[in-house]
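User: Hi! Could you walk me through this model and point out what you see in it?
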Protein chains: 2
Amino acid sequence: MSPDDDEYIGYVLSDVARLIRTVFDRRVRDIGLTRAQWLVLTRLYRRPGASQTELADMLEVDRASAGRMIDRMEKNGWVERRSDDGDRRINRLYLTADARRAHKAMWSIAEATVDDALAPLSATERDQFTRLAARVKSQLQSMAGANGS
Amino acid sequence: MSPDDDEYIGYVLSDVARLIRTVFDRRVRDIGLTRAQWLVLTRLYRRPGASQTELADMLEVDRASAGRMIDRMEKNGWVERRSDDGDRRINRLYLTADARRAHKAMWSIAEATVDDALAPLSATERDQFTRLAARVKSQLQSMAGANGS
DNA sequence: TGAGGATTGTTGTCTAGGCTACATTAGCCC
DNA sequence: GGGCTAATGTAGCCTAGACAACAATCCTCA
């Protein structure tokens, strides 16, 4: 493998993720949510009342990054911060009615986007691809968790 | 497939790419280049004297994004802008001696990182994974090129 | 009970990328 | 030549994420 090889898996994976984000964001631009924000939405839809740290864990993202995401989404009326009785450090997060309504629309766009992206693959290949990617992901998670190097 | 499924391929792929970037950047932090900057380096190593637009095309990235990347790398002494004789709009890009030296080191770190990430897969599986990802990528490229939707 | 350590969220500073609008410069064609 | 169009790079404004440092709060244990 050489730096000259455009098919190097490392390149390809970053590209795939960037392209998915770009395509998805373009498709849903008129709704006013981005892909990353929609991920927040799916998480809070399932677990309303989660704290910011819990949300960050679910998204596997920095606490600070999650906090800023919530800032944006709160400003735009998608998410509400409510204080926790009993622990004044915690913000409990809830979706607004608008957000709950948008959830379904966004999900079907997301599904269609991924379906389109995977269209060239057969059902079997999709399955293989998904399973292989999941294994790579969990390997990376342990590498990232192990404090680098 | 439901929003509740953490193994949804759409989630997994973004996660894989983000984790690779994080792990790689952490490993090479002391060198002073990030993964994205190292990608620039590999491209200019192969094609010294490329214009900014050509570089943007090679990276499949916005012209503006590429321009800012070059700003940062020029400031840090990795890249040089030289004006073109004959077309005053164009900046021709060249690596500095430092950058050419760093190229090899970065490449082996990149290779090791990807190798580690793919470690759980057999040789055959790696191959499958790479080929499947490449097909998904080219599908996404045509989707992104086709002006969204 | 009170001191020290852990947790939670925020802020600052950085890279990275996208889109739009724009000035400059080339090229082409009348 | 002169005017239109295309290409090039830049700047402004936005999201997104990482890391570090910090204040407020909570918890544990001596």
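**Chat about the model**

Analyst: Happy to. The charged end of Arg82(A) sits over the ring of Tyr94(A), at 3.9 Å from the ring centre. Keep in mind that this is a predicted model.

User: And what does Arg82(B) sit over in chain B?
Analyst: There, the ring belongs to Tyr94(B), and the charged end of Arg82(B) is 3.9 Å from its centre.

User: Let's step back to the fold. Which elements does chain A have, and in what order do they run?
Analyst: Chain A has six helices and two strands. Starting at the N terminus, the order is α-α-α-α-β-β-α-α.

User: What does the C-alpha trace of chain A span?
Analyst: Along its principal axes, the trace spans about 55 × 40 × 25 Å.

User: How much of chain A is buried?
Analyst: Of the 149 residues in chain A, 44% are buried. The chain exposes about 7,700 Å², and carbon and sulfur atoms supply 45% of that area.

User: What about contacts between residues that lie apart in the sequence of chain A?
Analyst: Take the contacts in chain A between residues at least 6 apart in sequence: 47% of them join residues at least 24 apart.

User: Switching to charges, how many positive and negative ones does chain A carry?
Analyst: There are 25 positive and 23 negative charges in chain A, and their mean positions are 5 Å apart.

User: Now some single residues. Where is Asp30(A), and is it buried or exposed?
Analyst: Asp30(A) is in the loop between α1 (9–27) and α2 (35–46) of chain A. Asp30(A) counts as exposed because its relative accessible area is 71%, and the cut-off for exposed is over 50%.

User: How far is Asp30(A) from Arg18(A)?
Analyst: Their C-alpha atoms are separated by 20 Å, and the two residues are twelve apart along the chain.

User: What's the phi of Glu60(A)?
Analyst: Phi of Glu60(A) is positive, about 50°, although the residue is not a glycine. Glu60(A) belongs to the loop between α3 (52–59) and α4 (63–75) of chain A. With a relative accessible area of 28%, Glu60(A) is partly exposed.

User: And Glu60(B), what is its phi?
Analyst: For Glu60(B), phi is near 55°, again a positive value in a residue other than glycine. Glu60(B) lies in the loop between α3 (52–59) and α4 (63–75) of chain B. Its relative accessibility is 28%, so Glu60(B) counts as partly exposed.

User: Which residues does Ala117(B) touch?
Analyst: Leaving out residues up to four places away in sequence, Ala117(B) touches Val136(A), Gln139(A), Leu140(A) and Met143(A).

User: And how far is Phe24(B) from Ala117(B)?
Analyst: From C-alpha to C-alpha, Phe24(B) and Ala117(B) are 10 Å apart in space, while in sequence they are 93 residues apart.

Terms used:
Residues are numbered from 1 along each chain as its sequence is written. Chains are lettered from A and ligands numbered from 1 in the order in which they are written. This is a predicted model: local features need pLDDT of at least 70, side-chain atom pairs count only at pLDDT 80 or more; totals for chains, interfaces and linings use all residues. Side-chain values use heavy atoms; hydrogens and water are left out. A charge sits over a ring if NZ of Lys or CZ of Arg is within 6 Å of the ring centre and within 35 degrees of the ring normal. Helices (H or I, at least four residues) and strands (E, at least two) are DSSP runs, numbered from the N terminus. Buried means under 20% relative accessible area, exposed over 50%, partly exposed in between (1.4 Å probe, protein chains only). Contact means heavy atoms within 4.5 Å. Accessible areas come from the Shrake-Rupley method with a 1.4 Å probe; for residues, only the protein chains shown count as cover. Lys and Arg count as positive and Asp and Glu as negative; His and the chain ends are not counted. The place of a charge is taken as NZ of Lys, CZ of Arg, CG of Asp or CD of Glu.
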